[in-house]
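Visitor: Please take one part of this model and go through it closely. I would like to know how it is packed and what surrounds it.

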Amino acid sequence: MALRHAVLAALLDEELSGYQLAKTFDLGVANFWHALPQQVYAELARLEADGLVEGREVVQDTRPNKRLFRVTEAGLAELDRFAAASAKPSFIRDDLLVKVQASDRVGTDEVIAELMERAAFARAKAELFGSLLRSLRGDRSEEEFLREGERIGPYLTCLRGLAFERGNQDWCERSAAVLRERQARPRR
């Protein structure tokens, strides 16, 4: 997947400024595609040059003018092409896993501390996803929303983000517990 497809998908619901898009990425899209704000701005410029998004200037009285972007018909066609192509399997590339892999031969205190830090981060992200899911479905139950909601794609990706972060938290906490237990045992 290219950043362009993630930006196009993020613009499906409404016109957004570059700033709003970067915030949207940080809250919602980041659970499946990470990008820095400057990368999002650069991609918006490329998408506009390619005719996949269209920008318009909004004059503001008390603030600097801003540009709002929306997906064009060509952008929708590009998303259709992307959706029709087979997706490559994802893979994990994580420094923390390398540290855990080496934990039998290196000091584990730092690894345990990092595992606990990552678990806390994952817990906070899971809480954020839970809040976002409640906001997306409003007063409906999850089953009702998934059956009758107008757009469920963002909800489903948020569910994946929640499952990912809960899995991270569980793995980090279990790994830290195992390493602590092994530290406490006398060496033979």
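Guide: Helix 1 is mostly covered, with seven of its eight residues buried (buried: under 20% relative accessible area, exposed: over 50%, partly exposed in between; 1.4 Å probe, protein chains only). Helices here are DSSP runs of H or I with at least four residues, strands are runs of E with at least two, and both are numbered from the N terminus. This is a predicted model, in which local features need pLDDT of at least 70 and side-chain atom pairs count only at pLDDT 80 or more, while totals for chains, interfaces and linings use all residues. Residues are numbered from 1 along each chain as its sequence is written, and side-chain values use heavy atoms, with hydrogens and water left out.

The buried residues of helix 1 are L3, R4, H5, A6, V7, L8 and A10.

Beyond its neighbours within four places in sequence, V7 is in contact (heavy atoms within 4.5 Å) with L21, F25, E43, L44 and L47. In helix 3, V40, E43, L44 and L47 are buried. They lie on the same side of helix 3 because they cover an arc of only 110° around the axis, taken from the directions from the helix axis to the C-beta atoms. Q38 and A49, on the other side of helix 3, are exposed.
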